[in-house]
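Student: I've got a new structure to look at. Can you walk me through it?

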Amino acid sequence: MLVAAVRSLATYVGVSLYVLIVGPPGMILAIVFGWKDLLYILGHGGVRLGLFLSGISFRVAGRENIPIGRAAVYCSNHQSNIDPPVVFDALHPRMHILYKREIDAIPVLARAFRLGGFIPIDRRNKEAAMQSIEAGAKSIRAGNSFLIFPEGTRSKTGELLPFKKGGFIMAIKGQAPIVPVAVQGGRDAQKKGSWIIQPVTLSVRVGAPVETAGLNVEDRAKLIDGVHRQIEQMLAAGPIGKVV
């Protein structure tokens with residue numbers, strides 16, 4: 001426990017310093033020269049620094065299901081705060097994220113998110129949420145992939161919660177496939193309410209893409225049900241024994 005606590009403290013300090021040191025100049029270069037890719041390079045660098053300092057690693061199965069060269073919406077379950085950075089780093093070099101507006105309270109990070117094309121969503125404000133969904137669909141049609149966590153909160157038990165519909169409407173409007181993702185191990189890495197990160201290996205399973213071409217918003221319930229079932233099946237398969 002002491003070692004994990006020390007590593008956790010080093011992770012928080014190291015990542016915070018990284019964001020404060022490389023964030024402002026990175027954003028200036030992105031604004032002045034339009035180097036959006038630089039923000040993703042720096043973002044992945046920050047994630048990998050955090051994973052290294054904390055001792056977190058991950059294994060991925062199903063990479064062949066990733067639609068290379070095509071915009072898609074990656075739909076993942078959510079068990080802990082460790083899941084988003086792991087999935088972000090594991091699957092795509094330029095993954096946009098539909099994120100909770102509360103993160104906008106972190107000034108440097110929020111500014112970098114906006115410059116990188118990430119889109120905040122406020123589920124408490126229906127009109128604002130629909131505007132975010134429309135903006136996301138427009139970004140998808142421009143060729144950008146998104147990561148969503150449709151449970152809307154972390155599952156306390158590991159059981160998959162019901163999905164909220166916003167990200168699925170965004171995928172339908174963008175006519176992009178939804179790629180089911182099942183991540184396991186996050187709850188072992190960090191218990192809800194604890195600041196200590198345990199050095200564990202997470203499993204990330206990627207399922208077969210579910211097409212939305214030809215669907216309309218009225219088809220969202222059937223789409224949600226199919227993706228939910230596929231993620232449940234991948235979670236039932238258990239942790240990955242080896243890298244695939």
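Tutor: We'll take the sheet, then one serine, then some salt bridges. Keep in mind that this is a predicted model.

Student: OK, the sheet. What's the strand order?
Tutor: The order is β1-β7-β6-β2-β5-β3-β4. That makes seven strands in an open sheet, with mixed pairing.

Student: Which strands sit at the edges?
Tutor: β1 and β4 are the edge strands. Each of them pairs on one side only. β4 covers residues 119–121.

Student: And how much twist is there from one strand to the next?
Tutor: It averages 25°.

Student: Let's zoom in on β7. Is it mostly covered or mostly open?
Tutor: Mostly covered. β7 spans residues 201–206, and five of its six residues are buried.

Student: How does β1 pair with β7, parallel or antiparallel?
Tutor: Parallel, over five bridges. β1 is residues 57–61. For a landmark, find Arg 59: the residue opposite is Ser 203 in β7.

Student: What about β6 and β7?
Tutor: Those two run antiparallel, joined by four bridges. β6 is residues 178–184. Ala 182 has Arg 205 of β7 as its bridge partner. Val 181 faces Val 206, also in β7.

Student: What holds paired strands together in general?
Tutor: Strands of a sheet pair through backbone hydrogen bonds, in either a parallel or an antiparallel sense.

Student: New topic. Where is Ser 80?
Tutor: In the loop between β2 (73–76) and α3 (83–91).

Student: Buried or exposed?
Tutor: Ser 80 is buried, because its relative accessible area is 1%, and the cut-off for buried is under 20%.

Student: So what does Ser 80 touch?
Tutor: Leaving out residues up to four places away in sequence, Ser 80 touches Arg 154, Gly 186, Arg 187 and Gln 190. With Gly 186 there is a polar contact too: a polar atom of the Ser 80 side chain lies 3.1 Å from the backbone oxygen of Gly 186.

Student: Now salt bridges. How many in the whole structure?
Tutor: A search finds five. One of them joins the side chains of Glu 211 and Arg 70, at 2.9 Å from N to O.

Student: How accessible are Glu 211 and Arg 70?
Tutor: Glu 211 is partly exposed at 40% relative accessible area. Arg 70 is partly exposed as well, at 37%.

Student: Where do Arg 229 and Asp 225 lie?
Tutor: Both are in helix α8. They are four residues apart, about one turn of the helix.

Student: How do they score for accessibility?
Tutor: Arg 229 has a relative accessible area of 43%, so the residue counts as partly exposed. Asp 225 is partly exposed too, at 40%.

Definitions and conventions:
Residues numbered from 1 in each chain as written. Predicted model: local features only at pLDDT ≥ 70, side-chain atom pairs only at ≥ 80, totals over all residues. Heavy atoms only, no water. Buried < 20%, exposed > 50% of the residue type's maximum accessible area, 1.4 Å probe, protein only. Pairing = 2+ DSSP bridges. Polar contact = N/O pair within 3.5 Å; in protein donor to acceptor, adjacent residues only side chain to side chain. Contact = heavy atoms within 4.5 Å. Axes fitted to C-alpha atoms, helices over the stretch in contact; angles between N-to-C directions. Salt bridge = Lys/Arg side-chain N within 4 Å of Asp/Glu carboxyl O.
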